[in-house]
Amino acid sequence: MYETEADLAAVQELLDASYERANAHLRGIWGPESRLDARELAEELVGIEVLDLATVTPRGEPRVAPVDGFFYRGKFWFGSSPQSQRFRNIRVNPAVSGSLTRGGETFLVLVHGKAVEVDPRADTAEGFARMPRELYDFNWDEFHPEAPYARIEAGTLLAFKRR
């Protein structure tokens, strides 16, 4: 887990505000008893997760595809190829949505916000580069020196687990 206490407090605030805004349909499926708090979410999201990430084309058409998702310092991060359609879309319209599910309807995380492109090795990345270096079974710096990365600045974050 890479989150600080301040990160967890910010995530908890976002989780609470997002659930308060959620519609009756979602709240009927995922009641308060199934909500994860910030610490539980961070503990669940250790490692590389398959995040289904939706972007918007310049024509306004949605596109979704899986990415390696990293939960780092309370935010989702992801990378791709410099030539990817995903990053071409994000550079025109940074609006993104992501979902992460496990086991049918037993675990769900939804995130909606804006992708902010970040050099993963720069000081502004808050040490993110150590995560892929620790997790991948190849030399991340050697194999992906030009890969663009982004983090999601979330406006909505919802997390649930059936217990």
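I take contact to mean heavy atoms within 4.5 Å. On that basis I looked up the contacts in the protein chain with a separation of 6 or more, and residues 24 or more positions apart account for 68% of them.

I note that this is a predicted model, in which local features need pLDDT of at least 70, side-chain atom pairs count only at pLDDT 80 or more, and totals for chains, interfaces and linings use all residues. Residues are numbered from 1 along each chain as its sequence is written, and side-chain values use heavy atoms, with hydrogens and water left out.

I next listed the elements, taking helices (H or I, at least four residues) and strands (E, at least two) as DSSP runs numbered from the N terminus. The protein chain has six helices and six strands, and from the N terminus on they run α-α-α-β-β-β-α-β-β-α-α-β.

I then followed the strands, where pairing requires at least two DSSP bridges between two strands. The six strands close into a barrel in the order 1-2-3-6-5-4, with antiparallel pairing. Strand 3 (residues 75-79) and strand 6 (residues 149-161) are joined by three bridges; F78 has A150 in strand 6 as its bridge partner.

I also looked up helix 1 (residues 5-21), which lies across strand 2 (62-72) and strand 6 and runs at about 60° to strand 6. Such angles, from 0 to 180 degrees, are between N-to-C directions, with axes fitted to C-alpha atoms, for helices over the stretch in contact.

Finally, I recorded that buried residues (under 20% relative accessible area, 1.4 Å probe, protein chains only) make up 43% of the 163 residues in the protein chain.

How values were computed
Buried < 20%, exposed > 50% of the residue type's maximum accessible area, 1.4 Å probe, protein only.
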